[in-house]
Amino acid sequence: MNPSAASARCEGRSPEDELIDDWLFLSSDSASPPSPEVSRSQETEDRGQLKSKLISAWNSVKYGWSLKQKSKFSKSSAVIMFGQSYELGDHDEKERFRRSFASRLWLTYRRGFPQLEGCSLTTDSGWGCVLRTGQMLLAQGLLLHLMPPGWTWSVSPHAVKDDMDLPAIRRTDGAERGPDAKEEPTERGRKLSLGSLLDRPMEATHRRVASWFADHPTAPFGIHQLVELGKSSGKKAGDWYGPSIAAHILRKAVAASADLPNLVVYVAQDCTIYLEDVKRLCEQPFPQPWKSVIILVPVRLGGQDLNPSYITCVKKLLTLQCCIGIIGGKPKHSLFFVGFQDDHVLYLDPHYCQPTVDIAKENFPLESFHCKYPRKMSFSRMDPSCTIGFYAKGQMDFESLCTAVNEALSISAETYPMFIFAEGKSQEEEGTYTPPNNIAYIQRKTERRSVDTSSSMDEFVLL
């Protein structure tokens, strides 16, 4: 990850000022300067676009190769994912896990989308991974909100292919085609799967949710909208977005969307979920029911490294069905945590750079929005900065969530609770709260101390 290079293009600095390792793969011919007739501004923009394409290509090669390196899973231990347990030693359970994993929405780097406002960037490769993991967490919440319990994508995990591998059909005009003429394959294209044809109602909702994350200025949760909402927090395209900033951006995006009138997002403050604030957000005039709520809790589980005493608590939270994942990762390398097996955390990686999908096309391809390769890494490599997500459908679900989460948090009581629930309201108005810069605070009653986190992944309350 190197957001500084992308940021240079937005600020008008020459890309030569902040070269990154990816330039080592640039040949001397392609790196040669343009003719003197080209204006300096055009030269800077062209070089920025070239560099952007090269970084995207390198990410595609690097992560495309590693993406297909299958992680090894034990048959003797259960895999936990989004509150469900899978015994991989059993063939049916293994297939159920594969199908469930392949049904999660996978939001990755994209290239070739319309320019982001204020700069020449047409890709988020190299800087947008936290926004992508935030998208994946929100997408999981939306699937729980809109789809029936236990829904899975109807495409068989063995049949899932990348967009680039799908053959298209070259059609000829009617006058040129004879009665026995055959359709010939071309390089790109797709057809609806049989499962999609048999499951049209759910497939339509699935497709609609995927379109909300499209890389287009009109998409309510697309990269353009998230970057725009990040400006109020002092962020711009090409900057590094930490998990805490991403949580507040997601809250603003859902609040601004007309597509989800019965869903709200609450972001905890100072590692505290204030019950009165949640109630205020969710209550509606009688007889309307409570709004559904996604709760996001930014935390920091240690100093520069993860405090091992919190691993058991993280595992416990991931076993809850109300948990919709964790925006986390390794230092400066964001990943979306969805479950675990033994001492390894299961994740989706946003770093594979794919072409932008044109959602304006009828029956646009969904394959690039799903991943069939589960990956895992040791909990010990986990960056301490993360944002944990939960979802409650209604008031009773929220009360059950509080009970279950409190029980899980009691495991970490001997060290320091990861976060707490509190009666009453927060001191800051939620709409005006923004995370502090570089300094994280611990505050309980009258005690407060500060810790410098400028070299870490984001600014958080330190546990």
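**Close-ups of a predicted model**

View 1. K376 sits over the face of F73, 4.7 Å from the ring centre; a charge counts as over a ring if NZ of Lys or CZ of Arg is within 6 Å of the ring centre and within 35 degrees of the ring normal. F73 also belongs to a cluster, tied by ring pairs to Y86, F97 and F101. Rings of Phe, Tyr and Trp (its six-membered ring) pair if their centres lie within 6.5 Å; planes under 30 degrees apart are stacked, over 60 edge-to-face, and the rest tilted. This is a predicted model, with local features needing pLDDT of at least 70 and side-chain atom pairs pLDDT 80 or more, while totals for chains, interfaces and linings use all residues. Residues are numbered from 1 along each chain as its sequence is written, and side-chain values use heavy atoms, leaving out hydrogens and water.

View 2. W127 and Y241 make a tilted one, 6.3 Å centre to centre with 35° between the planes. The pair links distant parts of the chain, 114 residues apart: W127 is in the loop between strand 3 (110-111) and helix 4, and Y241 in the loop between helix 7 (223-230) and helix 8 (243-256). Helices (H or I, at least four residues) and strands (E, at least two) are DSSP runs, numbered from the N terminus. Both W127 and Y241 are buried, meaning under 20% relative accessible area, with exposed over 50% and partly exposed in between (1.4 Å probe, protein chains only).

View 3. F364 and F369 pair edge-to-face, 6.5 Å centre to centre and 70° between the planes. F364 is buried at 5% relative accessibility, and F369 is buried too, at 3%. R207 lies over the face of F364, 4.9 Å from the ring centre.

View 4. C271 is buried, at 1% relative accessible area. Elsewhere, a cis peptide bond joins F286 and P287, with omega about 10°. P287 lies in the loop between helix 9 (275-282) and strand 8 (292-300).

**View 5. V357 beside A214.** V357 is in the loop between strand 12 (354-355) and strand 13 (375-378), and is buried at 9% relative accessibility. V357 and A214 are 143 residues apart in sequence, yet 7.3 Å apart in space, C-alpha to C-alpha.
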